[in-house]
Structure formats: structure tokens, C-alpha cells
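Here is a short briefing on a structure. Look at the sequence and the model first, then read the points by topic.

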Protein chains: 2
Amino acid sequence: MSAKAIVDPKLDLVLERTVDVPRHLVWEAWTKPEHLKEWYCPKPFSVSKCEIDLRPGGMFHTTIQSPEGQEFPYTGCYLEILPEQRLVWTLALLPGFRPAPRHEFATFTVILTLESVGSDTKYVATVMHIDESSRVKHEDMGFFEGWGIALDQLVAHVKTIQQS
Amino acid sequence: MSAKAIVDPKLDLVLERTVDVPRHLVWEAWTKPEHLKEWYCPKPFSVSKCEIDLRPGGMFHTTIQSPEGQEFPYTGCYLEILPEQRLVWTLALLPGFRPAPRHEFATFTVILTLESVGSDTKYVATVMHIDESSRVKHEDMGFFEGWGIALDQLVAHVKTIQQS
């Protein structure tokens, strides 16, 4: 498997940016619940629950909480784990690879790749959708703003780890 | 990952049988197109095309041909490969882990496990469906008869390899 995802512009959304934190800490931020909770949702939304079973077929669960306290649970499945390089998970499958009912919002797969650029990290998140309308809906709901703010929060959080 | 699938009787269909051929040849029969074509479809249906890219995220494609020449293509994605022990693939994802449109017939995941019992092989195929109605439909369409006949054909084919 090459590290990069094969992108279809009709179906996929890609956030690519080089961030000034080291690759191993970006990996920590994505794979440890105590870190993920700190950055994964653009504030004032938050992560009220996170479970990570980091192996192919393992669970990736987050519950997103609105400022009013409403909860939105998402349960997906890890597919591929190359530490500090490539993380693949999907909402199309439940843990144990069981096919998931189509999600009301979007049934997508995420391929995250990380590459060192000096002491910085090239961060590429590719989000693959079932069809064009799902991609358009996700984009219109603010994919680029949302994932961009989350990445800003990730970087800010990782810098607090670096300093501690 | 434990070798066995976690079965939900409402959602899953399981074919379990001990067959009198060695495990490594059952694995060959499932993972080499030239062998798979010989047994995968209950006759008089046949496999007119088979592509296997045996790695997580790789393609598993079969085209089934009816006696009248009508073709039914199925493209899935391999998820987990433990040689001669465990093979997992799904129709819920396309190659590269892209979410698949829901299949007109059934969007299922297959977990095949093989275990040596002396010189025989304990063969367990677990087929996991999205919902109960998909499982019922697959069962009513003759899952047990179809997969059973295919396994008979596999055993017969493997015995010709053994003798050659």
C-alpha cells in the first residue's frame, strides 16, 4: 500500500497542511483518547467520550457533544495502522469489520498520512465518500473550516504536551 | 484479533464444516484466481473473471456468469490476511478502503477461518450482514445450499491439485 490515498475529486475531500509540530506527537494526538478529546471538535463542541482500540478491526468511537448537551455518537472501525505514518478508519464498518448501516450524516473512510519535513509535519487527511452528493453535503456543512479549526486545536494541544 | 468472528445470529450466516483436505490447499483455493474460478460458483453458474490483490485494501473481484451468459460483477476489498488461518473481505468497501454504494443484493463482510484437525481442515465461513432483513434475504436465496455446494466443489478441485 502506498502511503498516499488515491484521490477522486468528485468523491473526496482533502485537507493538506504542513504544521510546526513533530510527527510522533501528531500521531499521539490522533491515537490516545486523552489527547484526541482536547482537539478533535471545533469548540464550543466537545468530545464527551472516546474509545480507541488501535488494531485492524478495532473500535474507533467518539461522542460529540453540542454546547446544549446534545450527544452525537460515531462508531467506526480501524482498517490500517502504520505508526506515525498512516492511519485508516471508516464509518462504513463497525468494529470487527461488520458492515454498518448507512450513517445519517455520511458514511466515509478517512486516510491520514504524516510525513516529516525537517521538524515539521506534512499532514494530509483524505475523506472518501460513497457518492458525490455525500461529498457535496459534507463540504457544504463546512468540512474545510471544521477540519482546519480542529487541526489548529491539535497543533495548540500538541505544543502544550511539548512544553510539559 | 482472535481468529474467530464474533457471531450475531440475527445478522450472520455461518457455514462450518470439517473437510478432508489440508489447510494450505484450502487457502490456495481461496487466494489464487486460477483455483477460485474452479469452485467458487455452484454449477451451472461460473466465474468468468477473478482478480485478487491479496493485501489489506486490495481488490477482490469476481464476475459471476449465468448459464445464459448474463454477468454479475462483485468488487470488494480485502481487510485482513493471516496466511492459511484467516481471510477477511467485504463488499461494504471498494479497493483502497473507499466506501461502496450499498449493493443491490447484499453488502456483507466474510470472515473465513481455517484450522488443522489432523490432516483435515475445520472450515468456518461467517457472513456478516448490515441488518436482519439482508441476512434473511441471503438465507432465503439459498445461502447454506449455495456455499455448501461451492465448498464441495472446492474440496473436489483441491483433490485434483493434490493428485497432479
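Lys43(A) is exposed, with 10 other C-beta atoms within 10 Å. The scale is this: a residue is buried if 20 or more other C-beta atoms lie within 10 Å of its own, exposed if 12 or fewer, and partly exposed in between, with C-beta atoms placed from the backbone. The model is predicted: local features need pLDDT of at least 70, side-chain atom pairs count only at pLDDT 80 or more, and totals for chains, interfaces and linings use all residues. Residues are numbered from 1 along each chain as its sequence is written, while chains are lettered from A and ligands numbered from 1 in the order in which they are written.

**Two loop residues**

- Lys43(A) sits in the loop between α2 (33-39) and β2 of chain A. Helices (H or I, at least four residues) and strands (E, at least two) are DSSP runs, numbered from the N terminus.
- Lys43(A) and Ala150(A) are 107 residues apart along the chain, and their C-alpha atoms are separated by 8.5 Å.
- Pro56(A) belongs to the loop between β2 (46-52) and β3 (59-65) of chain A.
- Pro56(A) is partly exposed, with 17 other C-beta atoms within 10 Å.
- From Pro56(A) to Ile6(A) the separation is 50 residues in sequence and 20 Å in space, C-alpha to C-alpha.

**Helix packing in chain A**

- The axes of α1 (residues 23-31) and α4 (residues 143-163) of chain A come within 10 Å and cross at roughly 110°. Axes are lines fitted to C-alpha atoms, for helices over the stretch in contact, and angles run from 0 to 180 degrees between N-to-C directions.
- α1(A) and α4(A) are therefore roughly perpendicular to each other (65 to 115 degrees).
- In α1(A), Leu25(A), Val26(A) and Ala29(A) meet Leu154(A), His157(A), Val158(A), Ile161(A) and Gln162(A) of α4(A). Contact requires C-beta atoms, placed from the backbone, within 7 Å.

**Chain A against chain B**

- The contact takes 25 residues from chain A and 25 residues from chain B.
- On the side of chain A that touches chain B, β4 (71-82) and β5 (86-90) of chain A each supply at least two residues.
- A rotation of 180° with 0.0 Å of shift along its axis superposes chain A on chain B (RMSD 0.0 Å).
- The same surface serves both copies, as 100% of the contact residues of chain A recur in chain B.

Terms used:
Contact = placed C-beta atoms within 7 Å. Parallel < 35°, antiparallel > 145°, perpendicular 65-115°, else oblique. Least-squares fit on C-alpha atoms with pLDDT ≥ 70 in both.
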